[in-house]
Amino acid sequence: MSGGALSFGTRSSSSSWTPQRILNEIETNLLECKVCFEKYSQLQKKRRPRNLPCGHVMCWECISCLAHRHYQRLECPFCRKICSSSETSDCLPLMHISELLSPAWELANGTSNEALGLTSAGVKFHFAFGGWGPLINPTGAAFFRKSGALVVVHDGKKRVSIFNLKGKYLHGFGTKGDSLTGVCYPLNVAVTLDGYIVITDAGDCSVKVFNSRGRNSVAIRESFRLPWGVDTDCENQILVTDSEAGTLSQLEVDFSKDILVSNTVATSDLCCPREIAVSKSTGSVVVVEHLRDQKARSFTGTRLKMFDSKLQLMCQIDSFGFSLICPIQLCVSGVAFDREGNVLVADGNHKVVLCLGKLMESPSLRPIISQGLVCPVGLACTADNTLIVLDSGDHAVKIYTVC
């Protein structure tokens, strides 16, 4: 990959190399086309970085301008080798780097979602931990209410990892396998009042319960088609959404005897339900439905349904309702309640976390995080209003305080 080597020049003093200056050097030396000096963009086709057969890189618009109108051949402006525009290809390393660094650029340049009217307010970022290795494609997170420790499910060798809230790894368990102690493809996780860990496993379409040290207590199979979201209610019962069956189920487990007492389908008319959250203050339950076209099976919108503590439907807000308060089409990838009972949602497509207020009252929109996220997929909020954002884009856990 050529077209301008990355060079930061002579380092006069360590103090002069601030993070902002390093970002500026990367943008100047690596993430801009050396022909037109415009910044590469994965979203804009004309600004996508393209590899020439000779190894040099320039944006698609420059290739189009330099190519002969009839023969579609061009001369590389750096080494003068002739090639055809059809021989060029996307420069995936630069596209990935640009995507990973885009939150940093947005934070530095003050752009981000401001054009959509989404500006951050009401949170303070503390720190992040994880990254590729400690966490691999994380999909769910929950916390122990007594100790404050955090459990994360992901695609690592040990599917379940437990950290303290300072980011220190404590232990892990759940290697991939078909046995009771194995975890194949975890989708989400919850922690009961007495510290048991509940995991939805797409590998064998089961719900599995472990103690905090990883000993399997209960495995519930043959009751689900694709169990997805999971949380526990104020009575320590387990709530599970089934994305394929369209159901919300309530499980009662006797943890002292390691047996399933009851498995009740509370509602069976949901459309691709996934994320779920329970308010610890009111007992209210919110379920996220991912609406799809029945013929094309394509995504058409998001609908949130709120139930009371008895799982009776109280209200709902669909894509049309969202359009009245939000300038973007939401694709909710995570949901949680804060301690006041406000509904918080993460949108992985737009890299934001929003507060929707209390859905039973007049829903409102308050962006609380619109910068610094790559692909948020999970939310958890502690009793002291510490907001935990699980970001699968950079395989990290990010800790905020809600003001």
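**Cysteines.** I looked for disulfides, meaning pairs of cysteine sulfur atoms within 2.5 Å, and the structure holds 0 of them. I checked Cys-184, which is in no disulfide: its nearest cysteine sulfur belongs to Cys-205 and is 9.7 Å away. Cys-184 counts as buried, because its relative accessibility is 7%. I use buried for under 20% relative accessible area, exposed for over 50%, and partly exposed for what lies in between (1.4 Å probe, protein chains only). Cys-331 is likewise in no disulfide, and the nearest cysteine sulfur, at 9.2 Å, is that of Cys-375. With 17% relative accessibility, Cys-331 is also classed as buried.

**Source notes.** The model is predicted, so I kept to its rules: local features need pLDDT of at least 70, side-chain atom pairs count only at pLDDT 80 or more, and totals for chains, interfaces and linings use all residues. Residues are numbered from 1 along each chain as its sequence is written, and side-chain values use heavy atoms, with hydrogens and water left out.

**Salt bridges.** Side chains of opposite charge can pair when their charged atoms come close. I took a salt bridge to be a side-chain nitrogen of Lys or Arg within 4 Å of a carboxyl oxygen of Asp or Glu. The structure holds 16 salt bridges. I noted one between Lys-34 and Glu-32, at 3.8 Å from N to O; both of these residues are buried.

I then looked at Asp-90 and Arg-48, whose closest N and O atoms are 2.9 Å apart in a salt bridge. This pair links distant parts of the chain, 42 residues apart: Asp-90 is in strand β5 (residues 89-90), while Arg-48 is in the loop between α1 (19-29) and β1 (49-51). Helices (H or I, at least four residues) and strands (E, at least two) are DSSP runs numbered from the N terminus. Asp-90 is partly exposed, at 25% relative accessibility.

Where does the salt bridge of Arg-215 and Asp-258 sit in the chain? Its closest N and O atoms are 3.1 Å apart. I found Arg-215 in the loop between β13 (206-210) and β14 (216-220), and Asp-258 in the loop between β17 (247-254) and β18 (259-267), 43 residues apart. Arg-215 is partly exposed at 41%, and Asp-258 is partly exposed at 26%. I also recorded one network, in which salt bridges with shared partners join Asp-201, Asp-204, Lys-208 and Arg-221.

**Second largest pocket.** I looked up the lining and found 36 residues, with Phe-143, Asp-231, Lys-280, Ala-380 and Cys-381 nearest the centre. Among the elements that give two or more residues to this lining are β7 (140-143), β15 (227-232) and β27 (376-381).

On a 1 Å grid over the protein atoms alone, a pocket is an open set of points where a 1.4 Å probe fits, with protein on both sides within 12 Å along at least five of seven lines; lining residues have an atom within 4 Å of a point.

**Strand β7.** Are the faces of β7 buried or exposed? Gly-140 and Ala-142 on one side, and Ala-141 and Phe-143 on the other, are all buried. I see β7 pairing with strand β8 (residues 150-153) in the antiparallel sense over 4 bridges; pairing requires at least two DSSP bridges between two strands. Ala-142 has Val-151 of β8 as its bridge partner. The hairpin of β7 and β8 has 6 residues between the strands, and in it Gly-148 takes a positive phi near 80°.
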